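Hi,

Here is the structure I promised to pass on. Have a look through it first, and then read my notes below.

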Amino acid sequence: MFKTLPVADVTYREETLPDSARDYKRDTITLGWEDRLRARGRRRSNGGVEFGFSLPRDNVLRGGDCLVVEEARLVVEVVERLEAAFVIEPRTAAEWGLFAYHIGNGHQPLMVTERALVCPDVPGVELLLQHHRIPYSRAEVAFTPSATLMDHRHM
């Protein structure tokens, strides 16, 4: 016999939660950046509640997003896992453009902050940075790509 799971299909911010969900139990779920890009799947909250989600395909979960699991009368807040990353702090406008170009041209995920370009520590990134002589440091950060990865083909 198949076990049915309660499913969350909409994300909310705390201030936009439906009134009906404000008194629900609270839990969290800690996810890495790749899991926060997945729109569908089976998950287990940090408190051990199993549920599924079926979100719009272009959805990227961010820290503070809330998933309402109606059947369980539960609100699950997303926590971004800290992950190994490369942090690049360009000094000039030209460096911002050049470094972002090289990283993008290498088809690597990129997060843009006020002060830095951030890449996850995934295979190939460090070699790319070294090849283009892009100065970097290492840090543990909550990484969220600036844009979802699109199907990219050269014609």
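Let's start with strands E8 (residues 82–88) and E10 (residues 117–120): they run antiparallel and are joined by four bridges. One place to look is Phe86, whose bridge partner in E10 is Cys119. Keep in mind as you click around that this is a predicted model.

Zoom out a bit and you'll see that these two strands belong to an open sheet of four, in the order E9-E10-E8-E11, with antiparallel pairing. E9 and E11 (137–142) are the edge strands, as each of them pairs on one side only. Helix H2 packs on this sheet and touches E8, E9 and E10. The direction of H2 makes about 20° with that of E10.

Now for H2 (93–105) itself. How far apart should the ends of its 13 residues be? At 1.5 Å a residue they should span 18 Å, and the end C-alpha atoms are 18 Å apart, which agrees. Which residues of H2 are buried? They are Glu95, Phe99, His102 and Ile103. These four cover an arc of only 95° around the axis, so they sit on the same side of H2. The buried residues of H2 pack against E8, E10 and H3. On the face turned away from that buried side you'll find the exposed residues Ala93, Ala94 and Tyr101.

Most residues other than glycine have a negative phi. His107 is in the loop between H2 and strand E9 (111–112), and it counts as partly exposed because its relative accessibility is 47%. Arg73 is another case, with a positive phi of about 50° although it is not a glycine. You'll find Arg73 in the loop between strand E6 (66–69) and strand E7 (74–80).

Next, the aromatic rings. How many aromatic pairs are there? The count comes to two.

Phe86 counts as buried at 0% relative accessibility, whereas Tyr136 is partly exposed at 27%.

Last stop: Gly32, in the loop between strand E3 (25–31) and helix H1 (33–37). Is it buried or exposed? Gly32 is buried, because its relative accessible area is 5% and the cut-off for buried is under 20%. Gly32 and Leu82 are 50 residues apart in sequence, yet 7.4 Å apart in space, C-alpha to C-alpha. Leaving aside neighbours within four places in sequence, Gly32 is in contact with Arg81 and Glu83.

Cheers

Terms used
Residues are numbered from 1 along each chain as its sequence is written. This is a predicted model: local features need pLDDT of at least 70, side-chain atom pairs count only at pLDDT 80 or more; totals for chains, interfaces and linings use all residues. Side-chain values use heavy atoms; hydrogens and water are left out. Buried means under 20% relative accessible area, exposed over 50%, partly exposed in between (1.4 Å probe, protein chains only). Two strands pair if DSSP finds at least two bridges between them. Contact means heavy atoms within 4.5 Å. Axes are lines fitted to C-alpha atoms, for helices over the stretch in contact, and angles run from 0 to 180 degrees between N-to-C directions. Rings of Phe, Tyr and Trp (its six-membered ring) pair if their centres lie within 6.5 Å; planes under 30 degrees apart count as stacked, over 60 as edge-to-face and the rest as tilted. The expected span of a helix is 1.5 Å times one less than its number of residues. The arc is that of the directions from the helix axis to the C-beta atoms.
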